[in-house]
Amino acid sequence: MASRQEQIIAVIDQLMTNTGTDVVGAAAVGLDGISFASRMAADVSTERVAAVAATIMGVTRRVGGELRIGAAEEVIIKANKGLFMVLPAGDQSLLAVNLRQDANLGLVRLEARDAARAISQIV
Amino acid sequence: MSVERSSWQIKNEATLSELVQLMGLSADEAAILKSLQSAAQRQAPAMREDFYKRLLAHPQTAEYFSDINMNHMYDMLQTWFVELFCGVYDEAYARRRMKIGDTHVRIGLPVRYPLAMLDVAMKHAEDVARTHAQSDAAITAVRKVLALDVAVFNQAYEDRQIQALAEMVGNERLARRLLAGE
């Protein structure tokens with residue numbers, strides 16, 4: 001039977017396959033910012049991205065609480081050379097996704113939600 | 001720093017009992033310190049004078065004392081000094097010392113000031129210790145309890161930083177990793 005890490009990698013690979021070249025990296029991350037498994041470019045520090053993803057989601061949840069707008073469902077950062085998305089994967093983990101600039105965001109959001117759901121069941 | 005450290009689980013008053021154990025503060029040392037409490041009481045006004053003379057001569061520290069009842073501050077400082085010689089270094093003692101550290105944090109006093117002022121207390125505490133028949137043992141003991149205060153003051157600042165960051169990011173372990181610069 002595949003290990004937890006292998007199962008998560010399979011989910012991430014499926015996400016990358018289903019979205020063509022839109023997703024350039026992804027990681028499953030604990031709320032403490034530790035990466036469970038990832039597919040990231042060699043020049044990207046997975047550890048740092050994991051910590052940043054957890055921080056972004058933590059702060060977003062805090063904002064949601066302060067504004068009483070409910071639970072955070074996703075965070076999307078749009079930069080001039082790409083996008084970064086973080087979404088909950090169950091109660092204890094997150095899915096961080098790095099996208100290229102002109103990615104089909106609608107498709108990726110749908111696929112990322114499925115991937116996050118799958119990861120939550122593995123974690 | 002992906003490893004969970006057992007020291008992270010030691011919090012609040014438990015930090016002092018841990019430090020008492022770490023530093024090997026013995027019952028004999030505690031008894032020596034207790035026997036010096038009257039001497040400490042007599043020394044306290046001189047310590048207070050040196051302490052505030054320096055603090056109030058420095059513009060950056062003096063500004064914390066504008067619009068403050070100085071008599072109350074004098075009493076608190078002397079009580080703090082005499083309590084070094086209370087002889088009982090338990091959770092209640094820890095709570096009282098931590099409260100001072102918490103106050104420093106709350107008023108936005110940079111930690112370098114209370115730490116830098118400890119040499120004044122150290123000098124006077126050692127003067128007290130020298131009046132004991134076993135002065136070397138007394139000096140060793142008094143240095144330990146002052147070191148405990150250094151640790152407690154620092155811990156108050158660290159605790160506040162971790163607490164504030166953990167509240168912001170939603171996870172204490174993540175906050176510790178961020179503070180470690182990971």
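1. A:R4 lies over the face of A:F36, at 4.6 Å from the ring centre. The criterion applied is that NZ of Lys or CZ of Arg is within 6 Å of the ring centre and within 35 degrees of the ring normal.

2. Basis of the model. This is a predicted model, in which local features need pLDDT of at least 70 and side-chain atom pairs count only at pLDDT 80 or more, while totals for chains, interfaces and linings use all residues. Residues are numbered from 1 along each chain as its sequence is written, chains are lettered from A and ligands numbered from 1 in the order in which they are written, and side-chain values use heavy atoms, with hydrogens and water left out.

3. Confidence in chain B. The mean pLDDT (the predictor's confidence in each residue, from 0 to 100) of chain B is 91, and 98% of the residues score at least 70. Within chain B, helix 2 (residues 27–35) has the highest confidence, at 97, and helix 1 (residues 14–23) the lowest, at a mean of 82. Helices here are DSSP runs of H or I with at least four residues, and strands are runs of E with at least two, numbered from the N terminus. Where pLDDT is low, the predicted coordinates should not be read in detail.

4. Aromatic pairs. Rings of Phe, Tyr and Trp (its six-membered ring) pair if their centres lie within 6.5 Å; planes under 30 degrees apart count as stacked, over 60 as edge-to-face and the rest as tilted. Because B:Y52 belongs to helix 3 (residues 37–57) of chain B and B:F65 to the loop between helix 4 (59–62) and helix 5 (70–83) of chain B, the pair ties together parts that are 13 residues apart in sequence. B:Y52 is buried at 6% relative accessibility, and B:F65 is buried with a relative accessible area of 15%. Buried means under 20% relative accessible area, exposed over 50%, and partly exposed in between (1.4 Å probe, protein chains only).

5. One aromatic cluster is formed by B:F51, B:Y52, B:F65 and B:Y74. The ring of B:Y74 also has the charged end of B:R48 over it, 4.6 Å from its centre.

6. Salt bridges. Side chains of opposite charge can pair when their charged atoms come close. A salt bridge is counted when a side-chain nitrogen of Lys or Arg is within 4 Å of a carboxyl oxygen of Asp or Glu. The structure holds 20 salt bridges over all chains. In chain A, A:D114 forms one with A:R117, the closest N and O atoms being 3.0 Å apart. Both residues lie in helix 3 (residues 105–122) of chain A, three residues apart, about one turn of the helix. A:D114 is partly exposed at 41% relative accessible area, as is A:R117 at 48%.

7. Salt bridges between helices of chain B. B:R97 and B:D149 meet through their side chains in a salt bridge (3.0 Å, N to O). B:R97 is in helix 6 (residues 91–106) and B:D149 in helix 8 (residues 135–169) of chain B, so the pair ties together parts that are 52 residues apart in sequence. Both B:R97 and B:D149 are buried. A salt bridge also joins the side chains of B:E158 and B:R176 (3.9 Å, N to O). Here B:E158 lies in helix 8 and B:R176 in helix 9 (residues 172–179) of chain B, so the pair ties together parts that are 18 residues apart in sequence. B:E158 is partly exposed at 34% relative accessibility, whereas B:R176 is buried at 13%.

8. B:S35, in helix 2 of chain B, is partly exposed at 49% relative accessibility. The C-alpha atoms of B:S35 and B:H132 are separated by 8.4 Å, although these residues are 97 residues apart along the chain.
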